[in-house]
Amino acid sequence: MPAPAPPLPSLPKPQPILHVAKALVLSPRQAQPQARGRGRPQPVMCASSKRLDDALSAGFVRLLNAGHVQDADSASGTDRRYDPKPGDFAVGVVVSGTEARLDVAVGADRLATLLAKELLPLDRDSADSPTRQALPGPGSIGVVAGLTVDDDKEARRQKRGSRTLVAPGTVVFAEVLGRTLSGRPLLSARRLFRRLAWHRARQILQLDEPIQVKIYEWNTGGLLTRIEGLRAFLPKFELVDRISSFTDLKNKVGCSIRVCIARLDEETNDLIISEKKAWEMTYLKEGTLLQGTVRKIFPYGAQVRIAGTNRSGLLHISNITRGNVLSVSDILKIDDEVKVIVIKSNVPDKIALSTADLESAPGLFLSDREKVFSEAEEMAKRYREQLPVMSQNPILDDGIPGEMLPFDDEAKLYANWQWFKFLHHN
């Protein structure tokens, strides 16, 4: 009777791609030979670093590049890897790293290098100190998602000062700057997201809507803030409040104000904003109800100072009431408080006001001014309902000046997207 066939050996359980990276990263004990007790120290730093890089490149990178799109080259057996070129946008996966740099797989023949200074947010210089700054995490600049690892155990195992910026397996987006002296691709997440920030700034300019910002610095010319991480300058002549001393500027630091982008130029790094324009768009739209104080009386009308600002508008004699008016001074006095509605001005950059449009009956302002003011909200609402409907914001990216980038199409934006798409789906 023939002997029974030996049992087949059990196949090892397949490991997820991103866990292979951790298996390939040698620990400090594995990387250095046991040189203690021997007379002569061994030059192991360069050798272990090269061995680690070779292991990562040969193992992890080869595994990540195993899924090229099937085409004529791949069918013929040709090994097509991503060839990073300066200016390319690429998506990568963190393999290992330290506090100073990250080793990132991008589908190339070698791991790419991403320095810590090229990963931190655009506004990192506004922090108190680089050492106090929080390390990037999922959702921060250039960082999308990472592996769930036991950070406490890993931190205890690693030496002080050698912890990585982000966990292995973290997805990062970056721009290729070139090559290092050793030939590894050099990446910058800051460069890519700076371009994205300018793209967002152009969208905000096109939308032409006020946004809220916080002032963090001042100088003799005005105030400084950030929009999408970019430094923006607010000249003092673009402030609503009149600036009479440097103390007035200093007191603005820490305040949140509404501004509009007045001008931008990515080439010269200019981003100029205006509080006046934002205020006018918010409060000087036709049909807006305002409160003010009569400051001057003219034969043709009255100058009304708008409450809470240093801006004034003209209440023309023809817009005071629908009744008969012989003299402005017979109706209004200096320091009278009035409610007025903004109407369309025939003179550019001038504010035209009206109380006649708040009257529920012609001449009511002459006989019962208080009733006009009590009904002002309702009459202003009726006035706005009669205004022609204006088209709102234009379609984004349609006619935006400056460089156009396909941020909504990853396949066009990222040069190695096919490689990452394979990795993601597997």
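Predicted model: local features only at pLDDT ≥ 70, side-chain atom pairs only at ≥ 80, totals over all residues.
I start with strand β1, residues 89-97. This strand is mostly covered, with 9 of its 9 residues buried. Which strands does β1 pair with? One is β4, residues 171-179, which runs antiparallel to β1 and is joined to it by 5 bridges. If you want a point to look at there, F89 has E175 in β4 as its bridge partner. Another is β2, residues 101-105, also antiparallel, with 4 bridges. Here S96 stands opposite D103. The link from β1 to β2 is a hairpin of 3 residues.

Next is helix α8, residues 275-283. Which of its residues are buried? They are E275, A278, W279 and M281. These residues lie on the same side of α8, because the arc they cover around the axis is only 165°. The elements that cover them include β9 (230-235), β10 (256-265), β11 (270-274) and β13 (301-306). At the N-terminal end of α8, the cap is S274. One of its side-chain oxygens is 3.4 Å from the backbone nitrogen of K276.

Last, P362. Is this residue buried or exposed? P362 counts as exposed, because its relative accessibility is 71% and the cut-off for exposed is over 50%. P362 sits in the loop between β16 (352-354) and α9 (364-367). Along the chain, P362 and R322 are 40 residues apart, yet their C-alpha atoms are separated by 4.9 Å.

Methods:
Residues numbered from 1 in each chain as written. Heavy atoms only, no water. Buried < 20%, exposed > 50% of the residue type's maximum accessible area, 1.4 Å probe, protein only. Helix = DSSP H or I, 4+ residues; strand = E, 2+ residues; numbered from the N terminus. Pairing = 2+ DSSP bridges. Arc of directions from axis to C-beta. Contact = heavy atoms within 4.5 Å. Polar contact = N/O pair within 3.5 Å; in protein donor to acceptor, adjacent residues only side chain to side chain.
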